[in-house]
Amino acid sequence: MKSTRITKYMAIAVVIALLAQLAIVNLPKKHNAGQSISGEDKQIAAELSNLTGETAENILKIKQTGISWNEVSERLKTTSNDLAGDKAERASLLNETGIGEELLDQLHDKGFDDEEIMDAKLLVERIMLQLQQVQSNGASVTVPKPAVVDETEDAELEAAVAKISGKFAEGEAVSLLLVLKEEFGTLDAVMDEYLLALQFDLDLASYQSDKEAYLKSKAEQTAGVQDNEIVTMEQLEKAVLEQLQPKTAADTDNAKDIKEHTLTSAEENTDSPLPEIKPPAPGDVIPQNPAEAVKQEIEAINPNRR
């Protein structure tokens with residue numbers, strides 16, 4: 001890369017030297033700002049444009065400030081280096097996640113700047129990571145639902161997450177987020193629609209070309225499906241948060257097991273060395289017969305019984 005850049009600058013210097021000599025012979029006087037542009041200047045500007053990538057029009061504007069062609073060349077070198085560095089940095093940053101230079105150019109051609117592309121890319125990366133986390137822990141973590149937990153529904157949602165994860169394409173997602181953002185209002189709304197499309201085998205890319213056909217197909221595919229059965233960004237985030245707190249349910253089960261074990265042990269412990277304490281029970285109370293009471297009083301005062 002360094003040798004190529006040196007060769008490039010050497011070529012620029014040679015061209016400038018040759019054309020400058022030609023200009024000196026035919027134009028002994030310097031151009032001042034505001035003077036008309038000669039054919040030689042246009043030729044030199046065209047050559048520099050081919051070598052540096054800067055437009056000939058901008059090069060001529062620089063030359064018309066009154067500086068020499070050598071000074072123009074030096075200025076173009078600095079500008080070219082800065083632009084090349086920025087472009088290389090952006091391309092490297094975006095290519096790290098697999099977007100690719102071709103898609104990057106396509107998005108730029110559609111009018112999206114680097115900041116917009118980065119926003120979409122970061123959202124796509126976050127969802128991809130959440131899908132991976134839920135997928136890798138699907139056996140213990142399920143997509144939460146507001147309704148009563150049902151094992152069949154959990155299994156279906158886990159299968160849906162696996163299906164989405166297998167079909168999720170980063171470059172496609174980034175492009176759809178940017179292209180459909182204006183239609184749906186936010187990047188999040190487009191992402192939810194993309195997840196739904198993957199879950200129910202819909203082609204979200206066809207939304208722009210034939211919106212009615214897409215909506216009709218969507219209505220057919222989702223007929224009878226409850227909202228809590230559709231995988232969304234919110235559900236994925238909740239599932240990941242549950243994974244970050246795996247001890248909550250386990251602790252509840254452990255506490256239940258301890259309580260049951262304690263009750264069982266108390267019932268089975270019949271060989272305790274301490275005496276068994278029984279609560280006092282009231283005796284049977286039988287009302288006394290009145291005749292018997294009189295008889296006892298007579299016998300008590302009878303002198304023959306003393």
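Which residues of helix α3 (residues 56–63) are buried? They are Ile59, Leu60, Ile62 and Lys63, where buried means under 20% relative accessible area, exposed over 50% and partly exposed in between, using a 1.4 Å probe and protein chains only. These residues sit on the same side of α3, because they cover an arc of only 155 degrees around the axis, the arc being that of the directions from the helix axis to the C-beta atoms. Helices here are DSSP runs of H or I with at least four residues, strands are runs of E with at least two, and both are numbered from the N terminus.

## About the model

This is a predicted model, in which local features need pLDDT of at least 70 and side-chain atom pairs count only at pLDDT 80 or more, while totals for chains, interfaces and linings use all residues. Residues are numbered from 1 along each chain as its sequence is written, and side-chain values use heavy atoms, with hydrogens and water left out.

## Confidence

The protein chain has a mean pLDDT (the predictor's confidence in each residue, from 0 to 100) of 74, and 56% of its residues reach 70 or more. Confidence is highest in α9, at a mean of 96, and lowest in helix α12 (residues 247–268), at 55.

Two stretches call for care. Residues 24–34 stay under 50 in pLDDT, and the model has 13 contacts for them beyond four places in sequence; a contact means heavy atoms within 4.5 Å. Over residues 139–149 pLDDT also stays under 50, with 24 such contacts in the model.

## Two nonpolar cores

A nonpolar core is a set of buried Ala, Val, Leu, Ile, Met, Phe, Trp, Tyr and Cys residues joined through side-chain atoms within 4.5 Å. The largest has 42 residues, of which Ile127, Phe168 and Met191 touch the most other members. Helices that each supply at least two residues include α5 (101–109), α6 (114–136) and α7 (151–167), and α9 gives the most, with eight. Leaving aside residues up to four places away in sequence, Ile127 touches Phe168, Met191, Leu195, Met233 and Leu236.

Thr222 lies in the loop between α10 (211–221) and α11 and counts as buried, at 18% relative accessibility. Its side chain reaches the backbone oxygen of Lys218 at 2.7 Å. Beyond residues up to four places away in sequence, Thr222 touches Leu196 and Phe200.

Glu125, in helix α6, is partly exposed, with a relative accessible area of 26%. Its C-alpha atom is separated by 7.7 Å from that of Glu170, 45 residues apart along the chain.

Methods:
Polar contact = N/O pair within 3.5 Å; in protein donor to acceptor, adjacent residues only side chain to side chain.
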